[in-house]
Structures are given as C-alpha cells and as structure tokens.
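Welcome, and please open the structure in your viewer. We will go from one selection to the next and see what is there.

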Amino acid sequence: MGYLAAMDIELILSLIICFIFMVVGLFLGHIILFDSIVLGIIAGVCCGQFLTLHPALCLVAGLAVFAGMLFLQKTSFGFWIIGVLLSAVWAFIFAFFAYAFAGEDMIWFYVVMGLAFIGMLFLHIRARD
C-alpha cells in the first residue's frame, strides 16, 4: 500500500514539474502567446470580481481580450506598442522580486529592471519572427 502511495506522489510531482517546464517554455519561446493568455485570464477574473458579471460573460470577455491581444500583436504598430509596454511590465515584476530578495536594495532594482527590459524586448522580437 505504501508503494502505491509513493508512486502516486511521484506521478503528481512529475506532472507538476512538467507543467512548470511547459509554462517556462511557453514564456521563453512564445512570449506573445503567453502575454495574451495571461492578459485574457486577468481580464476574465477582473470582470468577475469588479463588475460582478455572470461567469459565462467573464469567459467571453477573457477570450475577447486574448483574441484582441493576439490580433494587435500581429500588426506592426500594435506589436511595438504592446511589446514595449509588456516588456516594461515584466521588467518591473522581475525588478520587484530582485528588490525584495536583495534586502530592499535599489541598485539591484534598477540593474535587474534594465537587463530584464532588454531581455524581454529581445524575447518579444524573437517571438514575432
């Protein structure tokens, strides 16, 4: 019986690790799709929390944001606006974590923010090609 429980735990951990690798791979390889999915989920959740709409309407709103983001990032003008803005957002998120983990050191915040912005912009440009 203990062997079966250990196998179940091993299976669950393997699935969790595979999911983490899938998300990281999607983030690094297809950042445009990842951004669209994240913003669609955020829009659907915010629609339900702040507007108190029916969950089906929130799902439609999230899907509309997802499709709109994918469409906008396929255009040249939309790609540069959204790519630069989302690169800045991701850079701020990474810099905030660096700030928190480095003992609230602002130098780490600015260095990580600058490097992350350049890296995220590179990922957006690479994903567009």
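## Starting at a helix pair

Select α3 and α4: these helices are roughly perpendicular to each other, a label for angles of 65 to 115 degrees (under 35 is roughly parallel, over 145 roughly antiparallel and the rest oblique). Helices here are DSSP runs of H or I with at least four residues, strands are runs of E with at least two, and both are numbered from the N terminus. The model is a predicted one, in which local features need pLDDT of at least 70 and side-chain atom pairs count only at pLDDT 80 or more, while totals for chains, interfaces and linings use all residues. Residues are numbered from 1 along each chain as its sequence is written, and side-chain values use heavy atoms, leaving out hydrogens and water.

The axes of α3 and α4 come within 5 Å and cross at roughly 115°. Axes are lines fitted to C-alpha atoms, for helices over the stretch in contact, with angles from 0 to 180 degrees between N-to-C directions. Now show the side chains in contact (heavy atoms within 4.5 Å): Met69, Leu72, Gln73 and Lys74 from α3 meet Ser76, Gly78, Phe79, Ile82 and Leu86 from α4.

## Zooming in on Gln73

Next, pick Gln73, in helix α3 (residues 55-74). Is Gln73 buried or exposed? Gln73 counts as buried because its relative accessibility is 2%; buried means under 20% relative accessible area, exposed over 50% and partly exposed in between, with a 1.4 Å probe and protein chains only. Beyond neighbours within four places in sequence, Gln73 contacts Ile32, Asp35, Ser36, Phe79, Ile82, Leu86 and His124.

## Across to α2

On the α2 side, the contact includes Ile32, Asp35, Ser36 and Gly40; among its α3 residues are Cys58, Val65, Met69 and Gln73. By class, this contact of α2 with α3 has 12 nonpolar, six polar and one charged residues. Here Ala, Val, Leu, Ile, Met, Phe, Trp, Tyr, Cys and Pro are nonpolar, Asp, Glu, Lys and Arg are charged, and the others, Gly among them, are polar.

## The largest nonpolar core

Now select Phe27, Ile31, Ile32, Phe34, Phe79, Trp90, Met120 and Leu123, the eight residues of the largest nonpolar core. Such a core is a set of buried Ala, Val, Leu, Ile, Met, Phe, Trp, Tyr and Cys residues joined through side-chain atoms within 4.5 Å. Two or more of the core residues come from each of α2 (31-50), α4 (76-101) and α5 (106-128), and α2 gives the largest share, three residues. Centre on Phe34: apart from residues up to four places away in sequence, Phe34 touches Val23, Leu26, Phe27 and Trp90.

Then bring up α4 with α5, whose axes come within 7 Å and cross at roughly 145°. This contact has 23 nonpolar, four polar and one charged residues.

## Out to the surface

Most residues other than glycine have a negative phi. For two exceptions, go to the loops. Thr52, between α2 and α3, has a positive phi of about 45° and counts as exposed at 63% relative accessibility. Glu104, in the loop between α4 and α5, has a phi near 60° and is exposed, with a relative accessible area of 56%.

Finish at Phe21 in helix α1 (residues 2-29), which counts as exposed at 60% relative accessibility.
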